[in-house]
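Visitor: I would like to go through this model with a few direct questions. Please show the sequence and the coordinates before we start.

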Amino acid sequence: GVEYYLEKLDGVEKVYSGFMGGHVKNPGYYEVVSGRTGHLEAVEVIYDKSKISYEKIARTFFEIHDPTQVNGQGPDIGSQYLSGVFTSNEGEISTIKKLIAILYENGFDIATKILPTDKFYKADEGHQNYYNKKGSRPYCHGYKKRF
């Protein structure tokens, strides 16, 4: 669902679905969704910094999933579905902390974790552009204005 919405942003060139943060090398989809690998379902976003900012992408992320739900997204429950942002530098951490502070001020109790970037494992081809291939919209993600 995150892939579906982020790839629609002007300046986002490609979004890959996959997994990050676990202890198993080269995990498969069914291993990850079992909750036993320690990975989170994640996306890798490739974007043109001259067209869109990291902050705009991060704001959109907070508006296309439920950052208040602990260990899940809609009906998908488990630690592999927790709301998390993998950051690779102090600028990204600062941006995420700023956005979370704004969301708190706007009355949201944010469960999103800030995590260090780890090895990203791309999901199999069947899970890339999943909703576009199905011709449907995500069932556990949607847009909600929060800022």
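What follows is a set of questions and answers on a predicted model.

Visitor: At roughly what angle do the axes of helix 3 and helix 4 cross?
Guide: Helix 3 covers residues 54–64 and helix 4 covers residues 90–105. Their axes come within 10 Å. The crossing angle is roughly 40°.

Visitor: Is helix 3 parallel, oblique or perpendicular to helix 4?
Guide: Angles under 35 degrees count as roughly parallel, and 65 to 115 as roughly perpendicular. The axes here cross at roughly 40°. Helix 3 is therefore classed, relative to helix 4, as oblique.

Visitor: Is the crossing left-handed or right-handed, and which residues of helix 3 make the contact?
Guide: The crossing of helix 3 and helix 4 is right-handed. On the helix 4 side the contact involves Glu92, Thr95, Ile96, Lys98, Leu99, Ile100, Ile102 and Leu103. On the helix 3 side the residues are Tyr54, Glu55, Ala58, Arg59 and Phe62.

Visitor: How many residues of the contact of helix 3 with helix 4 are nonpolar?
Guide: The residues of this contact include one polar and four charged. The nonpolar residues number eight.

Visitor: Why is helix 3 described as largely enclosed, and which elements do its buried residues pack against?
Guide: Helix 3 is largely enclosed by the rest of the structure because eight of its 11 residues are buried. These buried residues are Tyr54, Ile57, Ala58, Thr60, Phe61, Phe62, Glu63 and Ile64. They pack against helix 1 (2–6), strand 1 (12–20), strand 2 (40–47), strand 5 (84–87) and helix 4.

Visitor: Which element supplies the largest share of the largest nonpolar core?
Guide: The largest nonpolar core has 21 residues, and Leu6, Leu9, Val12, Ile57, Phe62, Val85 and Ile96 touch the most other members. Helix 1, strand 1, helix 3 and helix 4 each supply at least two residues of this core. The largest share, six residues, comes from helix 3.

Visitor: How many residues are in the second, separate core?
Guide: Among the members of this second core are Met20, Leu40, Phe86 and Phe120. Its size is six residues.

Visitor: Is threonine 60 buried or exposed, and which residues is threonine 60 in contact with?
Guide: Threonine 60 lies in helix 3. With a cut-off of under 20% for burial, its 8% relative accessibility makes threonine 60 count as buried. Leaving aside neighbours within four places in sequence, its contacts are Leu6 and Leu9.

Visitor: Which residues does leucine 9 touch, not counting residues up to four places away in sequence?
Guide: Leucine 9 is one of the residues that touch the most other members of the largest nonpolar core. With residues up to four places away in sequence not counted, leucine 9 touches Ile52, Lys56, Ile57 and Thr60.

Visitor: Where is isoleucine 110 found, and what is its relative accessible area?
Guide: Isoleucine 110 is in the loop between helix 4 and strand 6 (113–116). Not counting residues up to four places away in sequence, isoleucine 110 touches Pro67, Thr68, Ile100, Leu103 and Tyr104. Isoleucine 110 is buried, and its relative accessible area is 9%.

Visitor: Which residues is phenylalanine 147 in contact with, leaving aside its neighbours within four places in sequence?
Guide: Phenylalanine 147 is found in the segment after helix 5 (130–134). Leaving aside those neighbours, its contacts are Arg59, Phe62, Glu63, Leu99, Ile102, Leu103 and Asn106.

Visitor: What is the phi of asparagine 26, and what is the phi of asparagine 71?
Guide: Most residues other than glycine have a negative phi. Asparagine 26, in the loop between strand 1 and helix 2 (29–33), counts as exposed at 61% relative accessibility. Asparagine 71, in the loop between helix 3 and strand 3 (72–73), counts as partly exposed at 32%. The phi of asparagine 26 is positive, about 50°, and the phi of asparagine 71 is positive, about 50°.

Conventions. Residues are numbered from 1 along each chain as its sequence is written. This is a predicted model: local features need pLDDT of at least 70, side-chain atom pairs count only at pLDDT 80 or more; totals for chains, interfaces and linings use all residues. Side-chain values use heavy atoms; hydrogens and water are left out. Axes are lines fitted to C-alpha atoms, for helices over the stretch in contact, and angles run from 0 to 180 degrees between N-to-C directions. Helices (H or I, at least four residues) and strands (E, at least two) are DSSP runs, numbered from the N terminus. Angles under 35 degrees count as roughly parallel, over 145 as roughly antiparallel, 65 to 115 as roughly perpendicular and the rest as oblique. A crossing is left-handed if the near helix is turned anticlockwise from the far one by less than a right angle, and right-handed if clockwise. Contact means heavy atoms within 4.5 Å. Ala, Val, Leu, Ile, Met, Phe, Trp, Tyr, Cys and Pro count as nonpolar, Asp, Glu, Lys and Arg as charged, and the others, Gly among them, as polar. Buried means under 20% relative accessible area, exposed over 50%, partly exposed in between (1.4 Å probe, protein chains only). A nonpolar core is a set of buried Ala, Val, Leu, Ile, Met, Phe, Trp, Tyr and Cys residues joined through side-chain atoms within 4.5 Å.
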